[in-house]
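The sequence and structure come first.

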Amino acid sequence: MSTLPVFRWHLAPDGYATRRQLRARDLRPGGQDVAAQLERPRRRGRPPLVAHLYRVDLALPVRPMTPGRWRAHDAMMRARRTCPECHRDAGYVIPTSLGSCVTCAYPEEQRAA
């Protein structure tokens, strides 16, 4: 088992990118293993922040959205917008902290307004 090369924050050589940087270029890791990592030191003895790096030359293009994927995405977003109490589309993604739409979560404030 070989160890990964470790670079300091902002000092990675060209040819490496994080997942987000790959995505900004419309690329994905494509099944390749992590090629290196970045470490950002922190204070007070805390462990460093670590970011995994992938080789850009081995990255593959992002798969296009098919009609089936769009339908699945729309269904997932509709489920996130539907209130489990009143079963209405709230028009926004319902916060998990509330568990229901604002109207159902705070009914007394809605009557006062």
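## A polar strand residue

A polar contact is a pair of N or O atoms within 3.5 Å; within protein, one must be able to donate a hydrogen and the other to accept it, and residues adjacent in sequence count only if both atoms are side-chain atoms. In this predicted model, such a contact of 3.4 Å links the side chains of Gln-37 and Glu-39.

Gln-37 belongs to strand 4, which spans residues 36–40. The relative accessible area of Gln-37 is 15%, so Gln-37 is classed as buried, the limit being under 20%. Leaving out residues up to four places away in sequence, Gln-37 touches Leu-4, Pro-5, Val-6, Phe-7, Val-50, Ala-51, His-52 and Leu-53.

## Cysteines

The disulfide count is zero, where a disulfide requires cysteine sulfur atoms within 2.5 Å. For Cys-86, the closest cysteine sulfur is that of Cys-83, and because the two are 3.6 Å apart, they are too far for a bond. Cys-104 is likewise in no disulfide; its nearest cysteine sulfur, in Cys-101, lies 3.5 Å away.

Cys-86 is partly exposed, at 25% relative accessibility.

## Positive phi in two loops

His-10 is not a glycine, yet has a positive phi of about 70°. This residue sits in the loop between strand 1 (6–8) and strand 2 (16–17), and is exposed, with a relative accessible area of 74%.

Asp-26, also a residue other than glycine, has a positive phi near 60°. Asp-26 occupies the loop between helix 1 (19–24) and strand 3 (27–28). Its relative accessibility is 54%, which counts as exposed.

Notes: Residues numbered from 1 in each chain as written. Predicted model: local features only at pLDDT ≥ 70, side-chain atom pairs only at ≥ 80, totals over all residues. Heavy atoms only, no water. Buried < 20%, exposed > 50% of the residue type's maximum accessible area, 1.4 Å probe, protein only. Helix = DSSP H or I, 4+ residues; strand = E, 2+ residues; numbered from the N terminus. Contact = heavy atoms within 4.5 Å.
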